[in-house]
Amino acid sequence: MSVQLIVGAQWGDEGKGQIVDRLSENAEVVVRYQGGANAGHTVYVNGEKFILHLLPSGILHREVLCVIGNGLVFDPAAFFEELGFLKENNISVDGRLKISDRVHIIFPYHKKLDQARESKAGGNKIGTTGRGIGPAYVDKFNRNGIRLAEMLDDYSLKQRLEQNLDLANRILVDDYHEPPLSFVSVFEESKKFADRLKPFAADTAIILNDAWKSEKNILLEGAQGALLDIDFGTYPFVTSSNPTCGGAVTGTGLPASAIEDVLGVMKAYCTRVGGGPFPSEEENETGERLREAGQEYGATTGRPRRCGWFDVVSARYSARINGLNAIALTKLDVLDSFEKIKICTSYTTADGELTEFPANLRVLQDCKPNYIEVDGWQTEISTCRSFGDLPEKAQKYVGMLEELSGVPVRYISVGVEREQTIQK
Ligand code: GDP
Ligand code: IMO
Ligand code: MG
């Protein structure tokens with residue numbers, strides 16, 4: 001398989017980082033294509049925990065070339081913090097990490113604007129990660145963003161930054177009653193970052209197209225998930241990029257025809273962090289049990305994740321808009337202790353039963369989930385190393401998810417270590 005896309009197929013935090021790490025064993029290039037340091041991708045290697053925010057999860061494999069594609073919004077401060085963390089762990093990135101010179105830069109005012117907007121939004125709060133993602137993508141689409149290419153050019157950086165900071169300060173001061181940022185300090189800090197970023201900058205679309213033509217194994221790593229997609233997610237409770245398959249094309253410069261396989265990562269249940277509708281949410285003891293068993297706390301913000309049952313309606317939707325060839329089903333072990341497990345198969349709305357994921361947020365917010373209930377296996381499965389090792393009831397649950405979502409399950413994970421991801 002030369003170009004494989006790994007996408008989050010729910011509301012993020014499905015375990016993409018872990019799956020990408022496992023597949024990186026046979027990859028030569030791993031690429032992030034959208035989002036920014038809002039992502040938190042957790043990978044365990046021999047008991048040691050790594051949380052990656054900007055770097056592709058392939059970075060822990062020392063031979064892999066890692067690429068930060070043009071589709072991201074890139075925070076230099078977060079980047080250098082992450083590099084420092086890897087260095088402390090003796091992981092060298094020398095010569096094997098490239099950043100697109102077309103990537104858009106997140107400046108301190110983007111983060112301030114994001115946080116100020118959220119703190120003043122009251123009931124309209126999205127629950128963002130506060131990493132400046134929305135404001136940076138707004139600048140990109142408003143055509144006044146600053147890309148790495150401009151950042152590396154003193155003249156362009158000064159000129160653009162002056163204009164942008166002036167505008168940002170006006171909003172911060174007038175609308176949010178926040179103190180303005182100093183041009184000199186933002187500019188000086190940015191110049192220092194620019195000097196340090198120079199060795200990493202490249203036209204990564206050339207590198208990726210060359211790698212594709214020479215049939216190298218390339219993994220495209222999504223951040224967030226389909227239901228947080230700016231076009232297909234539960235708008236406006238979404239992120240500001242396209243985690244779905246289109247984002248992998250516009251965010252890398254690889255042609256659509258290069259993508260040979262799309263793997264959707266899904267948890268064996270559902271979680272969501274931040275605001276927005278979540279039909280199969282269990283806001284009760286069951287939700288708490290899932291949270292504790294799955295240690296569902298955000299890798300980026302530490303917030304408790306909302307938990308609920310697997311939702312077939314959204315899984316089928318996600319499969320369709322991404323063209324999923326297969327599912328990597330994670331965290332099956334989290335369901336070990338449950339006597340009964342529910343699967344949401346449709347929603348009841350004021351206008352009847354829905355089996356397709358609706359665009360209207362009010363419908364989604366007010367709908368009632370309909371469930372089928374299956375018996376749990378009530379056995380620890382973390383030591384299972386093949387599909388056949390799983391208890392019959394766990395096999396049956398996996399089979400039902402395949403049948404109901406219409407997509408075969410290719411991988412199942414039963415724990416956080418590398419050997420706990422089973423190929424079905
Ligand atoms: P990502 O953002 O999609 O990469 O996912 P996160 O890293 O934010 O969240 C997934 C969490 O689940 C991480 O803490 C993983 O270590 C953990 N995890 C992944 N797979 C499994 C699994 O099979 N079993 C258990 N118990 N935990 C898992
Ligand atoms: P990974 O890659 C889960 C959510 C935020 C908020 C909304 C918008 O780890 O799966 P943003 O900061 O992007 O403007 O926030 O999106 N969100 C995520 N939820 N996993 C993520 O990333 C997320 N990145 C953003 O909680 O609801
Ligand atoms: Mg995460």
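A polar contact is taken here as a pair of N or O atoms within 3.5 Å; within protein, one must be able to donate a hydrogen and the other to accept it, and residues adjacent in sequence count only if both atoms are side-chain atoms. The structure is a predicted model, in which local features need pLDDT of at least 70 and side-chain atom pairs count only at pLDDT 80 or more, while totals for chains, interfaces and linings use all residues. Residues are numbered from 1 along each chain as its sequence is written, and side-chain values use heavy atoms, with hydrogens and water left out.

An oxygen atom of ligand 1 is placed 2.7 Å from a polar backbone atom of K16, and a backbone N or O atom of G15 lies 2.8 Å from an oxygen atom of ligand 1. For T42, a polar side-chain atom is found 2.6 Å from an oxygen atom of the ligand. Taken alone, ligand 1 exposes 580 Å², of which the protein buries 92% (Shrake-Rupley method, 1.4 Å probe). Ligand 1 is surrounded by 19 residues, and the closest include D333 and S413 (a heavy atom within 4 Å).

The magnesium ion, ligand 3, is coordinated by D13 (OD) and G40 (O) at 2.0 to 2.2 Å, donors being N, O and S atoms within 2.8 Å of the metal (3.2 Å for Na, K and Ca); water is not among the atoms, so sites may look incomplete. D13 lies in the loop between strand 1 (3-8) and helix 1 (16-23), and G40 in the loop between strand 2 (29-32) and strand 3 (41-45), so the pair ties together parts that are 27 residues apart in sequence (DSSP runs, H or I of at least four residues for helices and E of at least two for strands, numbered from the N terminus).

Definitions and conventions:
Chains are lettered from A and ligands numbered from 1 in the order in which they are written.
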